[in-house]
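Subject: Structure for you to look at

Hello,

Here is the structure I said I would pass on.

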Amino acid sequence: MRLAKDHNTQAAPRQCDVGAVTCDGRADMLPTTSYSPISQGNGALSSRDAARHTAGAKRYKYLRRLFRFKQMDFEFAMWQMLYLFTSPQMVYRNFHYRKQTKDQWARDDPAFLVLLSIWLCVSTIGFGFVLGMGFFETMKLLLWVVFIDCVGVGLLIATLMWFITNKYLMKPQSKGYDVEWGYAFDIHLNAFYPLLVILHFIQLFFINHIIIRDGFLAYFVGNIFWLVGVGYYIYITFLGYSALPFLKNTVALLYPFGLLILLFLLSLGLGWNFTKGLCWFYKYRVQ
């Protein structure tokens, strides 16, 4: 009887804490309660998480932070602006990291948009000064550039690229994925920033002294600025969409480079000065 009792005592399992390591050294196989926005089954969001990740909820959160400057990371936004010139691939690696951590490709911090708006205002005022515009003419030009050239054209391009990529560039096995419209607009803003700095800031120092004069050197220098600026726009746009793993044939977004180079060579042969035409157009706008 004593031997049987000892045997039963040894066979009884020892009590251990749930969720910890078992007494014999093996890890418990109990499910954890850690948060994961995507379920491990079919990749679909739960009803609560889906509501949190809808486009309307993301837009509301973004707009709400637009007027809360203390919540914006301006240092990181300036880092992105620097790397858009030196290494734009680094910027899109951060977008990929945001998708993994926050389940969205588009920015959730409007700091970049705020800094871009400041750049746009300062450079446009400088453009008005170089062209000899008065205060009210410069303010009118500023409204045109901000709401038409940047926002209006940006909305149009982002919507067009959003439609094209979702309609024609999706991989067959990428069912359930789509290009976020907000991400398409972020790509436009990323590509627009170097274009803005090159054409609306650096070029200002050459307009009165070289570009608006007559002769080959004038339109060669002016058109070089356009070649570099638009080239940046095309390349950064390509990088943005090629960063999405569920898109195919994104190299087609580089094809406009051929047309750009052809147009540049044609402008040199025919004596077209794009910057002089832009200056005339700006003056015509504010009349």
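This is a predicted model: local features need pLDDT of at least 70, side-chain atom pairs count only at pLDDT 80 or more; totals for chains, interfaces and linings use all residues.

Helix pair. Helix H8 spans residues 181-202 and helix H9 spans residues 204-211. Their axes come within 5 Å and cross at roughly 45°. That angle makes H8 oblique to H9, because angles under 35 degrees count as roughly parallel and 65 to 115 as roughly perpendicular. On the H8 side, the contact is made by His-200, Phe-201 and Ile-202, which meet Leu-204, Phe-205 and Phe-206 in H9. Five of the residues in this contact are nonpolar, one is polar and none is charged.

Pocket. H8 also takes part in the second largest pocket, where it gives the most to the lining, with eight residues. The volume of this pocket is about 620 Å³. Its lining has 26 residues, and those nearest the centre are Val-153, Ile-157, Phe-192, Leu-195 and Tyr-233. At least two lining residues come from each of helix H7 (135-168), H8, helix H10 (216-242) and helix H12 (274-285). By type, the lining divides into 21 nonpolar, three polar and two charged residues.

Loop residue. Asn-249 sits in the loop between H10 and helix H11 (256-270). Its phi is near 55°, a positive value in a residue other than glycine. Is Asn-249 buried or exposed? Its relative accessibility is 51%, so Asn-249 counts as exposed, the cut-off being over 50%.

Regards

Notes. Residues are numbered from 1 along each chain as its sequence is written. Side-chain values use heavy atoms; hydrogens and water are left out. Axes are lines fitted to C-alpha atoms, for helices over the stretch in contact, and angles run from 0 to 180 degrees between N-to-C directions. Helices (H or I, at least four residues) and strands (E, at least two) are DSSP runs, numbered from the N terminus. Angles under 35 degrees count as roughly parallel, over 145 as roughly antiparallel, 65 to 115 as roughly perpendicular and the rest as oblique. Contact means heavy atoms within 4.5 Å. Ala, Val, Leu, Ile, Met, Phe, Trp, Tyr, Cys and Pro count as nonpolar, Asp, Glu, Lys and Arg as charged, and the others, Gly among them, as polar. On a 1 Å grid over the protein atoms alone, a cavity is a set of points where a 1.4 Å probe fits but cannot get out, and a pocket is an open set with protein on both sides within 12 Å along at least five of seven lines; lining residues have an atom within 4 Å of a point. Grid points are joined across faces, edges and corners, and a volume is the space filled by probe spheres set on the points. Buried means under 20% relative accessible area, exposed over 50%, partly exposed in between (1.4 Å probe, protein chains only).
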